[in-house]
Amino acid sequence: MTVYRSSDVLISNIRPYFKKIWFADCDGTCSGDVLVFRAKNPLLAPYLYSILHADSFFEFVMKGAKGTKMPRGDKRQMLTYQAASSPRQDTIASTTILTEQIAINDRENDKLTALRDVILPKLMSGEIDVSKIDFTQLNSHLEKRKAAASVLSLIFPIALPGLWSPMQ
């Protein structure tokens, strides 16, 4: 098992094209098929996540992947990925805010998934009747929310060596 800490970036190394990545919000352990990246400077952890979250990083990883049925990324090759090692302060602030919002959204999604798993069987069995509910006002709050995750794709990688080191 590999130990990770809060603010580490975890990436599944099996079939990297699935782009399974997580910004850890707690300490824990993971399997050897998960790569753990830790920013040398903890303040840059959200920036590191944004760099590794980019499609260009996963495309780079796939260029060095070994295997056909279940390819694995090449750890040494990943270390050569180029990204800005000295980001501007506004970039750091933006990625920190976005990463926090993503974590909040992930927790909300988990709660909604659990709620669905409780309610759906009751709806399907007829135990709960929704025929008299007015749905017109239920989602009006969604218009006020803005998508933050898309901003991550605006950060262009330039020079990464020295910014982070793999934990495996």
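**Notes on the salt bridges**

1. Asp8 and Arg38 are both buried. Keep in mind that this is a predicted model. The two residues pair up as a salt bridge, with 2.6 Å between their closest N and O atoms. Asp8 sits in the loop between β1 (2-4) and β2 (9-12) while Arg38 belongs to strand β5 (residues 34-39), so this contact ties together parts that are 30 residues apart in sequence.

2. Next up is Lys19, which makes a salt bridge with Asp55; here the closest N and O atoms are 3.0 Å apart. This one links distant parts of the chain as well: Lys19 is in the loop between β2 and β3 (21-23), Asp55 is in helix α2 (residues 55-63), and 36 residues separate them.

3. How accessible are Lys19 and Asp55? Lys19 has a relative accessible area of 36%, so it falls in the partly exposed class. Asp55 comes out at 43%, and is therefore partly exposed too.

4. Then look at Arg107 and Asp25, a salt bridge whose closest N and O atoms lie 3.7 Å apart. Arg107 is in helix α4 (residues 89-125) and Asp25 is in the loop between β3 and β4 (28-30), so the pair ties together parts 82 residues apart in sequence.

5. For the overall tally, the structure holds 6 salt bridges. Among them are Asp8 with Arg38, Lys19 with Asp55, and Arg107 with Asp25.

How values were computed:
Residues are numbered from 1 along each chain as its sequence is written. This is a predicted model: local features need pLDDT of at least 70, side-chain atom pairs count only at pLDDT 80 or more; totals for chains, interfaces and linings use all residues. Side-chain values use heavy atoms; hydrogens and water are left out. A salt bridge is a side-chain nitrogen of Lys or Arg within 4 Å of a carboxyl oxygen of Asp or Glu. Helices (H or I, at least four residues) and strands (E, at least two) are DSSP runs, numbered from the N terminus. Buried means under 20% relative accessible area, exposed over 50%, partly exposed in between (1.4 Å probe, protein chains only).
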